[in-house]
Amino acid sequence: MSYFSDVERDLVVAGRTELADGVVALDLVSHNGRDLPAWTPGSHVDVIFPALTDAEPLERQYSLCGDRGDRGSWRVAVLREGDGRGGSLRLHDTVAVGDRLRVRGPRNHFPFDPVSGTTYRFVAGGIGITPLTSMVAAADAAGVEWTLDYAGRSRSAMAFAHDLVSRHPSRVRLHAADEGSRLDAAALARESGGDTVIYACGPARLLEALEGAFADAGDDVLHVERFEAKEYGDPVWSDAFDVELALTGSVVTVSPGVSVLDAIREQSPETTVLSSCRRGTCGTCEAPVLEGEVEHRDSILTPVEREESAVMMVCVSRAACPRIVLDL
Ligand code: FES
């Protein structure tokens, strides 16, 4: 299930706090002091940076990690990634208190709704802690059983670590690599009972280890959010295919090597399809599927959602047949 908002706002940076080595928190408020929309645990926003050249604006996704009860502000925490794609450097190096940021959302492709009687295990790697902070708060407020395993390079680089341990010393386990503590996905799977559900976010190698460790668990046991796009091989349908757009009846031909998103924009400019990450990790380009078989090549949909195939991410996913119909 997803929760969407495509609304864009100019928000003011009201606070800037160094949370840990290389991690800064930005508190965003409306310019007129009005409340911001409520959000659910696991939500993220798109931050839209003005284009530096005549290229498309740069957009990046950041999980909301503040107090959901504080309707006056949203908090994002950003890791400075020197070898990243540029968004974190712009936030770290150029954004100051008082600046305005264009923000879209919030939206949620990683929803968490605690159910009484279920045991939750949260697993975070590095900056992957950000979506889990609101889940931990929600689990605690709901009175369900939960634990958090949080891995990072060192305690000084692990945002929220001190606060989480202070508040929940019996539930939070830190795994700081410089202290010789490593998160063992296989051990975690062995410790998890049949009523356990896992929510995890972090680097690809951590999520892959968890997917391996929980490979025999049911589809609804392991829930992950990826910051990095999953790697896929060649598409299963290597020829061109047609995409019928049900609202206009127009038919777009998608050639090999061209995304459905780009084909629609080029051949049916009257059709609006938003996009942000363009690599299958944010969900902005989600389109309802009415007919046809889709090869899902995103990093968002769960195995159940892939099976249902009610939606597809048109920036990366493709048809697995000669023709599909989208409700666009
Ligand atoms: S634009 Fe982000 S998933 Fe397609």
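Welcome to a predicted model, in which local features need pLDDT of at least 70 and side-chain atom pairs count only at pLDDT 80 or more, while totals for chains, interfaces and linings use all residues. Residues are numbered from 1 along each chain as its sequence is written, and side-chain values use heavy atoms, with hydrogens and water left out.

**Aromatic rings**

- The whole structure has eight aromatic pairs (rings of Phe, Tyr and Trp, the last by its six-membered ring, with centres within 6.5 Å; planes under 30 degrees apart are stacked, over 60 edge-to-face, and the rest tilted).
- One of them joins Phe112 and Tyr199 edge-to-face, at 5.0 Å centre to centre and 85 degrees between the planes.
- Phe112 lies in the loop between strand S6 (100–107) and strand S7 (119–125) and Tyr199 in strand S10 (residues 196–202), so this pair ties together parts 87 residues apart in sequence.
- Strands (E, at least two residues) and helices (H or I, at least four) are DSSP runs numbered from the N terminus.
- Phe112 and Tyr199 are both buried.
- Phe122 and Trp146 make a tilted pair, with 6.3 Å centre to centre and 55 degrees between the planes.
- That pair links Phe122 in strand S7 with Trp146 in strand S8 (residues 145–152), 24 residues apart.
- Ring pairs connect Phe110, Phe112, Tyr120, Phe122, Trp146 and Tyr199 into a cluster.

**The cavity**

- There is one cavity of 30 Å³ or more (on a 1 Å grid over the protein atoms alone, a set of points where a 1.4 Å probe fits but cannot get out; lining residues have an atom within 4 Å of a point).
- The largest cavity has a volume of about 60 Å³, volume being the space filled by probe spheres set on the points.
- Its lining consists of His109, Phe110, Val224, Glu225, Arg226, Thr281, Ser299 and Ile300.

**Backbone angles**

- Most residues other than glycine have a negative phi, and most peptide bonds are trans.
- The peptide bond from Gly105 to Pro106 is cis, with omega near 5 degrees, and Pro106 sits in strand S6.
- Phe160 has a positive phi near 70 degrees and lies in the loop between S8 and helix H3 (161–167).
- Phe160 is buried, at 16% relative accessible area.
- Arg278 also has a positive phi, of about 60 degrees, and is partly exposed at 31% relative accessibility.

Technical notes. 1 Å grid on protein atoms, 1.4 Å probe; cavity = no way out; pocket = protein on both sides within 12 Å on 5 of 7 lines; lining within 4 Å. Buried < 20%, exposed > 50% of the residue type's maximum accessible area, 1.4 Å probe, protein only.
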